[in-house]
Amino acid sequence: MNKPVNWLGKELTLEIEKVAHGGIFVARHEGRVVFVSHTLPGETVKARVFEDKGGSFARAETTEVLKASEHRVKHFWKAAANGAGGAEFGHIDLAYQRELKADVLEEALSRMAGIDLRPLVEAAPGDDAAKGLGYRTRVQLHVDEWGTAGPYRERTHQVVETKDLPLAIEDIRELGLHLKNWSGVSKIEIAASNTGNLQYSVDKKIKGDERLVERAAGRTFRISGGGFWQVHRQAPDLLAGAVTGAIAKVGFDKAADNLDLYGGVGLFAGAIAAKFGNDSRITTVEAFRQATDDAVLNLSDLSHVKAVCAPTERFLAERVSAAAKAGIASSEATIVLDPPRAGAGAKVVGQVLALQPKHIVYVACDPVALARDLKPLIAGGYELASLRAFDLFPHTHHVEAVASLVRK
């Protein structure tokens, strides 16, 4: 068998077939798969290969559009023409971006979990009117050796100068940190709250408001410097509403051993208590000490809610052991999981299955990780009652989903 020709640096003419996970698109050339950036299904493009994996696949960057899709639009961000990352879907009509995200979810669910479902990807309120701009409450800027602050060029650590930050909310744009010289600095992180707080860290040194105060799900949440909070201004209310809505449909036992895993500063635990009663019994679990301390403060008025600082795996191992000793085979509990992008993983999923709660609500920011974790949960005796998807990162490939699983 002849060794495949190396295409590195070559320009290929390609017909784009479909979208793939990660915001790239699939084409085929001489029987090999080519992953192409900044194009659309149905387009014919010229693309230059920047990575060649021999017989497996190649990666290429669009250099010229020969036949454009009807869904292609002019990119809203001038810096993107210079390669700035963070808006890889900015050349695509906003409504069609959501169709592509639904494509990715549908394929992941089918291929990895055997689930035949195409969820509707819902827009956040106000995003269509705003053309998907001005939603980010968290922005990260990198600084080069000359003090220029901006996003990285895609696939590199080169900083791209930008005069505007169109995805950021107005308070962050008006702060204008991207327009200043930051010689001697490596990274700037900016965060704004929906109550008017503004905070930024320069190489992890906090400036501005010491703590951010957010209002969401009918409660107040305080977040210490550098603490996690959802990026989209509407995300906390949307996701909390999706979680509590799913729970309401299944039913909630306030006295059960209900868990909020990867609970952060207490958003979902607080939302559940606000929805079903302040006497709801919930344990929220978070490995990051600062976030747990914030959760303790945020949930201090709820006498039946406890915030625990522990890795989820270790916490669940203790719960599983205690349940086994007590001879408890299943429970009426609700477990909410909001893991990082990599997903909960086999060990945590196995521990959740060992506890056999009545209801599992899984909040996911990665379609493939979600589908991978759903497969063993369904095999373990749960059925997918519902799945909602939200476009909380317009002009990027990212999509959020909330899956509701009920014990058979």
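**Reading helix packing**

A: Two packed helices are described by the angle between their axes and the distance between the axes. Here the axes of helix α4 (residues 235-250) and helix α5 (residues 267-276) come within 10 Å and cross at roughly 55°. Axes are lines fitted to C-alpha atoms, for helices over the stretch in contact, with angles from 0 to 180 degrees between N-to-C directions. Helices (H or I, at least four residues) and strands (E, at least two) are DSSP runs, numbered from the N terminus. This is a predicted model, where local features need pLDDT of at least 70, side-chain atom pairs count only at pLDDT 80 or more, and totals for chains, interfaces and linings use all residues. Residues are numbered from 1 along each chain as its sequence is written, and side-chain values use heavy atoms, with hydrogens and water left out.

Q: Which word describes how α4 and α5 lie to each other?

A: They are oblique to each other: angles under 35 degrees count as roughly parallel, over 145 as roughly antiparallel, 65 to 115 as roughly perpendicular and the rest as oblique. In α4, P236, L239, A240, V243, T244, I247 and A248 meet L267, F268, A271, I272, K275 and F276 in α5, where contact means heavy atoms within 4.5 Å. These residues divide into 11 nonpolar, 1 polar and 1 charged (Ala, Val, Leu, Ile, Met, Phe, Trp, Tyr, Cys and Pro count as nonpolar, Asp, Glu, Lys and Arg as charged, and the others, Gly among them, as polar).

Q: At what angle do α7 and α8 pack?

A: Helix α7 (residues 312-326) and helix α8 (residues 345-355) pack at about 25°, with their axes 9 Å apart. That makes α7 roughly parallel to α8. On the α7 side, the contact includes L316, V320 and A323, and on the α8 side V348, V352 and L355 are among the residues. The contact divides into 8 nonpolar, 2 polar and 3 charged residues.

Q: Is F221 buried or exposed?

A: F221 is buried, with a relative accessible area of 0%; buried means under 20%, exposed over 50% and partly exposed in between (1.4 Å probe, protein chains only). This residue is found in strand β13 (residues 219-224).

Q: How much of the whole chain is buried?

A: Of its 408 residues, 52% count as buried. The chain has 9 helices and 20 strands.
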